[in-house]
Amino acid sequence: MNTPVLSVRDLVIDFEGRPAQPALVQGVNFDVLPGQSVALIGESGCGKTLTSLAILGLLPPRMRVASGSIVLGGVDVLRASERKLRDLRGRTIGAIFQEPMSSLNPTMTVGDQIGESRRLHLGESRRSARVKAVELLDRVGIPNAGERARAYPHELSGGMQQRVMIAAAIACDPAIVLADEPTTALDATVQADILQLLEDLRKDLGLGILFVTHDLGVVADFCEQVVVMYAGHVVERAGTDALFGTPRHPYTEALLGAVPQAGRARTMLSVVPGRVPPSGSLPEGCRFRPRCGYALEPCRHAQHGNTSDVHFTFCDRVADGDLVLGSKS
Ligand SMILES: Nc1ncnc2c1ncn2[C@@H]1O[C@H](COP(=O)(O)OP(=O)(O)OP(=O)(O)O)[C@@H](O)[C@H]1O
Ligand SMILES: [Mg+2]
């Protein structure tokens, strides 16, 4: 059996000490298998970053995982000590965020930053870590890696900084990389190069990748599985072809709205009329109901019937067989 490198089950994230407040994230279930690329999509405020931070054991103060489980490389993240979490963050999971400069240390050369991770997590000597850092910079496509290793982050372009982040993320041979909007701050050609680099690393190193993105082109081109979140919940989860070809949840259909299928141009999520409700003012019943073109009276009392695990859909009408969205293929 192919054991997942990341397994998230029934995740609930809420504010500590405020039990009356509805959860920020609830009902999140998905796996990432070794070498598999999984996309996490949904409009702004749907809970993608909170889910990612919970996986890293880095939720903001006052927020907590109230229930559920997160297993990373066989380790229960929610029961891990702070020390174990630090170890997991280097050795099992690497993280890449949107703004490389917010994660890189401006006072340290990029070579030292990458080497430090190996010294810390693998106990490597300074000399050997330095050699490995140059190798890694070369692997992520930085020209003259030996020389660039001595540069400070601000001396590099945005695209090069993101490559450094990727080198740092894979420095200790993690099993999975979490990339939260890793290319949003970059211009289009650099974006494409960075995405290709991640794809090459996935194939060459068998890395699992959890990709948080608004870019459906990235999903179509690079991801095998898609997890769609709405207002803190996973509303649909399926293989990429199934999700693009026959979306089953009205929210997914709305997000895919204008995506051309042939040629699969790089297209952002479509604009769905209305807004994601904040966790403090969720509608009763189905959370998507006020924006859903298919909503009926019973959706006010939705129980959220679940459909198959292979193509999961969080909609009572779909679960009842009452609603089948039109095929887009
Ligand atoms: N530090 C925080 N304090 C209070 N509420 C927060 C905090 N961070 C996130 N939230 C709330 O949690 C919800 C989920 O936010 P999250 O950042 O996970 O969304 P997201 O899906 O990553 O959005 P985006 O696409 O804009 O990055 C939102 O309603 C947001 O307002
Ligand atoms: Mg986010």
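These are my notebook entries on one residue and one ligand in a predicted model.

**Entry on Thr 51**

I started with Thr 51 and looked up which element holds it. Thr 51 sits in helix α1, which covers residues 48–56.

I then checked what the side chain of Thr 51 reaches. I noted the backbone oxygen of Gly 47, at 2.7 Å.

I also listed the contacts of Thr 51, setting aside neighbours within four places in sequence. The list holds Leu 11, Ile 13, Val 25, Val 28, Phe 30, Leu 40 and Met 229.

**Entry on ligand 1**

I turned to ligand 1 and asked how many residues surround it. The answer is 13, and the closest are Ser 44, Gly 45, Lys 48, Thr 49 and Leu 50.

I sorted the shell residues by kind and got 6 nonpolar, 5 polar and 2 charged.

For Gly 45, a backbone N or O atom is 2.8 Å from an oxygen atom of ligand 1. For Thr 49, a side-chain N or O atom lies 2.8 Å from an oxygen atom of ligand 1. For His 214, the distance from a side-chain N or O atom to an oxygen atom of ligand 1 is 3.2 Å.

Last, I looked up the cover on ligand 1. Taken alone, ligand 1 exposes 640 Å², and the protein buries 63% of that.

Definitions and conventions. Residues are numbered from 1 along each chain as its sequence is written. Chains are lettered from A and ligands numbered from 1 in the order in which they are written. This is a predicted model: local features need pLDDT of at least 70, side-chain atom pairs count only at pLDDT 80 or more; totals for chains, interfaces and linings use all residues. Side-chain values use heavy atoms; hydrogens and water are left out. Helices (H or I, at least four residues) and strands (E, at least two) are DSSP runs, numbered from the N terminus. A polar contact is a pair of N or O atoms within 3.5 Å; within protein, one must be able to donate a hydrogen and the other to accept it, and residues adjacent in sequence count only if both atoms are side-chain atoms. Contact means heavy atoms within 4.5 Å. A residue is near a molecule or strand if one of its heavy atoms lies within 4 Å of it. Accessible areas come from the Shrake-Rupley method with a 1.4 Å probe; for residues, only the protein chains shown count as cover. Ala, Val, Leu, Ile, Met, Phe, Trp, Tyr, Cys and Pro count as nonpolar, Asp, Glu, Lys and Arg as charged, and the others, Gly among them, as polar.
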